[in-house]
Amino acid sequence: MRDSLGHDLVRDHTVYACVMGSRAFGLATEGSDTDRRGVFVAPTELFWRFEKPPTHVTGPRDEQFSWELERFCSLALRANPNLLECLHSPLVEYADATGRELIDLRGAFLSRRAEATFRGYADQQLGRIEADIRNHGAPRWKHAMHLLRLLLSCRDLLRTGRLTIGVGDHRERLLAVKRGELTWDEVRAWMRTLHEEAETAATRTPLPADPDEPRVEDFLTRVRRASAAASAPHPVPHPAELP
């Protein structure tokens, strides 16, 4: 029942949908999956019930994952890399008026918090890769490629104040990592260089210290109010007012 409600919300109330993963990063090869991400707005009246609407939904399509708008905004304000990158995908498949306003708010979510979250995710991934080396004698090269891509994105965001998720001229070298054509020592050296460059960029980044939370909250409040107004029943006249 819960899954059915979630799938209905995604089908009927999605405001923003995009393609993510390798296709959005410019790293797709033959046979790459198409990962879809989206944002839906649960009708305000659903929040008046004891059982609240889901904060996220898997499906209904394969490789599809969506967040409810409030959850999306909350995580993006914390500089969650997955959410920030989703909002900056170059492959937008759908955006209604609310979705377009969300896109226009992209800059409001960006802040210096991204340094800690992006590099923190990279460190977590590195720990998993090193565990693979200990347990299996080799890293998972695809994971190493995406770790490097994340560090490149972090460094450039700190340098420019803009988030660009396409890898551009780094595509061939990153794909060489995925194919295992670089040694682990070479890959680790690249990672160290990117960490150092990110640290240097952080000292003079144009990013604000904090995201523009009031602006995002104003947007969310207006969306909730509009939803409530759209679902409000027509008032029943008082008997004294009847002809």
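Predicted model: local features only at pLDDT ≥ 70, side-chain atom pairs only at ≥ 80, totals over all residues.

Q: How many helices and strands does the protein chain have?

A: The protein chain has eleven helices and five strands. Along the principal axes, its C-alpha atoms fill a box of roughly 85 × 40 × 30 Å.

Q: What share of the contacts joins residues 24 or more positions apart?

A: A contact means heavy atoms within 4.5 Å. Among contacts in the protein chain with a separation of 6 or more, 76% are between residues 24 or more positions apart. One pair can also be read as a distance: threonine 193 and serine 153 are 40 residues apart along the chain, and their C-alpha atoms are separated by 14 Å. Threonine 193 is in helix H10 (residues 184-202) and is partly exposed, with a relative accessible area of 34%.

Q: How do I read the packing of two helices, and at what angle do the axes of H3 and H11 cross?

A: Read the angle together with the distance between the axes. Angles over 145 degrees count as roughly antiparallel. The axes of helix H3 (residues 69-77) and helix H11 (residues 213-231) cross at roughly 175° and come within 11 Å. H3 is therefore roughly antiparallel to H11.

Q: Which residues of H3 and H11 meet?

A: From H3 there are Leu69, Glu70, Cys73 and Leu77, and they meet Glu213, Val216, Phe219, Leu220, Val223 and Arg224 of H11. By class, the residues of this contact of H3 with H11 are seven nonpolar, no polar and three charged.

Q: What is the angle between H5 and H11?

A: Helix H5 (residues 97-104) packs with H11 at about 175°, and their axes are 11 Å apart. H5 and H11 are therefore also roughly antiparallel to each other. Thr98, Glu101, Leu102 and Asp104 in H5 meet Arg215, Phe219, Arg222 and Val223 in H11. The contact of H5 with H11 divides into three nonpolar, one polar and four charged residues.

Q: Is arginine 224 buried or exposed?

A: The class has to be read from the accessibility, not from the residue name. Arginine 224 lies in helix H11 and counts as buried because its relative accessibility is 13%. Leaving out residues up to four places away in sequence, arginine 224 touches Val41, Ala42, Thr44, Phe47, Glu68 and Glu70.

Q: Which residues of H9 are buried, and what do they pack against?

A: In helix H9 (residues 171-178) the buried residues are Leu174, Leu175, Ala176 and Val177. These buried residues of H9 pack against H8 and H10. After H9 comes glycine 180, with a positive phi near 80°.

Q: Which residues other than glycine have a positive phi?

A: Two cases can be looked at here. Glutamate 63 has a phi near 55° and lies in the loop between E3 and E4. Alanine 79 has a phi of about 65° and sits in the loop between H3 and H4. Their accessibility should be read too: glutamate 63 counts as partly exposed at 42%, whereas alanine 79 is buried at 0%.

Q: Where is the cis peptide bond?

A: Look at the omega angle of the bond. The cis peptide bond joins glycine 59 and proline 60, with omega about 5°. Proline 60 is in the loop between strand E3 (56-58) and strand E4 (64-68).

Q: How do I read a pocket, and what is the volume of the largest pocket?

A: Take the volume, then the lining. The largest pocket has a volume of about 780 Å³. It is lined by 26 residues, of which Gly21, Phe25, Asn82, His146 and Arg149 are the closest to its centre. The elements that give two or more residues to this lining are helix H2 (22-25), strand E2 (35-40), helix H4 (81-87), helix H7 (113-136) and helix H8 (141-160).

Q: Which element gives the largest share of the lining of the largest pocket?

A: The largest share, six residues, comes from H8. By class, the lining of the largest pocket has nine nonpolar, nine polar and eight charged residues.

Note on methods:
Residues numbered from 1 in each chain as written. Heavy atoms only, no water. 1 Å grid on protein atoms, 1.4 Å probe; cavity = no way out; pocket = protein on both sides within 12 Å on 5 of 7 lines; lining within 4 Å. Points joined across faces, edges and corners; volume = space filled by probe spheres on them. Helix = DSSP H or I, 4+ residues; strand = E, 2+ residues; numbered from the N terminus. Nonpolar A, V, L, I, M, F, W, Y, C, P; charged D, E, K, R; others polar. Axes fitted to C-alpha atoms, helices over the stretch in contact; angles between N-to-C directions. Parallel < 35°, antiparallel > 145°, perpendicular 65-115°, else oblique. Buried < 20%, exposed > 50% of the residue type's maximum accessible area, 1.4 Å probe, protein only.
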